[in-house]
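Hi,

Here is the structure I said I would pass on. Have a look, and my notes follow below.

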Amino acid sequence: MHNTGKIIIGLLIFLVIAAFPIWYAVAGGKTGEMPVLEKAARGENCIIDSVLMKETHMFLLDDWRDEVVREDDRWYRSMTLDSTIEKSLTRTCLGCHASKANFCDRCHDYLAVVPYCWDCHVDPKEFE
Amino acid sequence: MSALFALLMIIVLLLIPIIGTEVLGLNYVFGVVIPYAAIAMFLIGFVYRIVRWASSAVPFKITTTCGQQKSHPWIKSSSLEAPHNTWGVIGRMALEVLFFRSLFRNTKADLREGPKLVYGPSKWLWAAGLVFHWSFLIILLRHFRFFAEPAPFFVSGLQALDGFFQIGLPIIYLTNVAIVAAVTFLFLRRLYDPKLRYISLGSDYFALFLILSIAASGILMRYTGFRADIVDVKQLAMGLVSFHPVVPETIGVMFYIHLFFVAVLFGYFPFSKLMHMGGIFMSPTRNMANNNREERHVNPWNYPVKTHTYEEWEDEFRDVMKAAGMPLEKEK
C-alpha cells in the first residue's frame with residue numbers, strides 16, 4: 001500500500017464520521033429514554049383514534065386552521081366522543097391535555113420538531 | 001432496455017419489504033437484521049475497496065496541465081490548479097469534493113448542420129449534480145434527529161433553513177423538492193441524448209432509481225397518509241445505534257420500504273460506481289502535487305539497474321587506450 005499513513009488517517013476519519021450515532025449515544029447516554037406523555041386531565045377517548053391522532057394530528061390542525069380562519073367553520077363532529085366540539089387548539093386540545101410542556105413538547109423535543117403553532121397561539125399555562 | 005431492467009430491479013426490491021412485513025410478518029428481519037447487515041457490508045466493503053486502490057502501483061506522477069506549475073520565483077504559479085505542496089493539494093481536493101470543479105469544466109461536442117462539429121460549455125450536469133449531492137447531504141444530516149438523542153445542534157438549524165418558506169404542513173423542505181428534481185433531470189439527461197443513452201448501463205439507471213425511490217418513500221411518509229409514528233421510528237433507530245434493537249409494533253409498511261431501500265443503497269455501495277465517494281480522494285490527477293521538478297518520483301517497479309559509467313569503462317581499458325595513444329580523463 002502506498003502512502004499508508006495518509007490512507008489510514010483518511011479511513012479513520014471516514015469510520016469516525018460513519019460511527020457518529022454510536023459514539024454520540026455512548027457520550028450522550030440517553031438511548032433508551034422514550035418521551036413520557038402526561039395523561040389527559042379529563043375524558044377517556046381523544047377526538048379521533050389515538051394512534052391515528054399521534055401520526056396525523058398535524059394534518060388535522062392544519063385543516064382546522066384553514067376551515068376556521070377562511071370558512072368560519074368552527075365545529076367538528078367527533079366520532080369517538082359522539083359529540084360536536086370546537087375546532088380550537090387552545091380550548092379543545094389544551095382543554096384536556098392541560099400542559100403544553102408535559103404533552104406537546106415531550107415528543108416534539110424528542111424529535112426536534114419545531115411546530116409554528118406557537119408563533120401565534122399561546123400556552124395559557126405559561127401566563128398564569 | 002437497461003433502464004427498463006433497472007426499473008424492474010427496483011420493483012422487485014419494492015415488493016420484498018411489502019411481502020416480508022405485510023405477509024410474512026418478518027418485521028425484526030427488516031427492522032434490525034437487514035439494516036445491520038447493510039451497514040456491515042458498507043463499512044467493510046468501503047475499507048476493502050480503498051485498501052485495494054491504495055495498493056495499486058503509482059508508476060508516474062500525473063501532472064495536470066490546467067495551471068502553471070511552480071518553477072522560477074518570477075513566474076506566477078497556480079497553487080490550486082497545479083499545487084506543488086500538500087496544502088495546495090488539500091485545497092484542490094476540497095474544491096473538487098465540495099464544488100465539483102473539474103465537472104464545471106465539462107464541455108460538449110455537437111454535430112450541427114453542415115456538417116459542422118461544435119464545442120461548447122455544458123454546465124447542466126455540474127448544476128444538477130451539485131444540487132443533488134448537496135440536497136442528499138442536507139437530508140442525511142437532518143435524519144440525525146432519529147439517530148441521536150438529544151438531536152444534534154445542526155439539525156434544528158438545517159430544518160429551519162430548509163423549511164424557510166414554511167410552505168404546507170408538515171413544512172415542505174426545499175431539499176426534498178431539489179433532490180427529486182435533480183435526480184429526475186440526471187435520469188432524463190441519460191435518456192435524451194443518444195450518445196449518452198448508448199453508454200448508459202443498467203447500473204447507471206439503477207443508482208438513480210434507487211435514490212429516487214428512497215426520496216419518494218420518504219416524501220410519501222412525511223407528507224401523505226402513509227405516515228409513520230416517528231416516535232416509534234426513533235425508538236427503532238436508537239435501538240439500532242445502541243445495539244439493543246427493539247421493533248415497535250405500530251411501524252407501517254412505508255417505513256419498512258424506505259428503510260429497505262436505504263439498506264440496499266448501503267449494501268450496494270461498495271460494489272458500485274457510488275464508491276466515487278471514496279474514490280475521489282484516490283484520483284491521481286487530484287491528489288498528486290505537481291512537483292516533479294522539485295522532487296523525483298521513483299517508479300516503485302524500478303529494480304536496481306546495472307550501470308557501467310564512462311569512468312568505470314576507462315578504468316577497465318586504461319592500459320589498452322594508453323598504448324593506442326587515446327586521450328584519457330585520468331592519466332594514472
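How many salt bridges does the structure hold over all chains? The count is 21, where a salt bridge is a side-chain nitrogen of Lys or Arg within 4 Å of a carboxyl oxygen of Asp or Glu.

Before the details, some ground rules: this is a predicted model, with local features needing pLDDT of at least 70 and side-chain atom pairs counting only at pLDDT 80 or more, while totals for chains, interfaces and linings use all residues. Residues are numbered from 1 along each chain as its sequence is written, chains are lettered from A and ligands numbered from 1 in the order in which they are written, and side-chain values use heavy atoms, leaving out hydrogens and water.

One of the salt bridges pairs Glu67(A) with Lys87(A), their closest N and O atoms being 2.5 Å apart. It links distant parts of the chain, 20 residues apart: Glu67(A) sits in helix H3 (residues 50–71) of chain A, and Lys87(A) in the loop between strand E2 (83–86) and helix H4 (89–96) of chain A. Helices (H or I, at least four residues) and strands (E, at least two) are DSSP runs, numbered from the N terminus.

Now for the two chains together. In chain A, 29 residues are in contact with 46 residues of chain B, contact meaning heavy atoms within 4.5 Å. The chains bury about 3,400 Å² between them, 73% of it on carbon and sulfur atoms; buried area is the accessible area (1.4 Å probe) that two parts lose on being put together, summed over both. On the chain A side, Tyr110(A), Leu111(A) and Tyr116(A) lose the most area to chain B, together 18% of what that side buries. One salt bridge is counted between chain A and chain B: Lys54(A) meets Asp229(B) at 2.9 Å, N to O.

Chain A is assigned domain 1 (1–33) and domain 2 (35–127), with bounds from an automatic or database domain assignment. Taken over C-alpha atoms, the centres of domain 1 and domain 2 of chain A are 41 Å apart.

Finally, some backbone details. The peptide bond from Gly114(B) to Pro115(B) is cis, with omega near -15 degrees, and Pro115(B) lies in the loop between strand E1 (107–112) and strand E2 (116–121) of chain B. Another cis peptide bond joins Glu149(B) and Pro150(B), with omega about -5 degrees. In chain A, Asp72(A) has a positive phi, near 55 degrees. For context, most residues other than glycine have a negative phi, and most peptide bonds are trans.

Cheers
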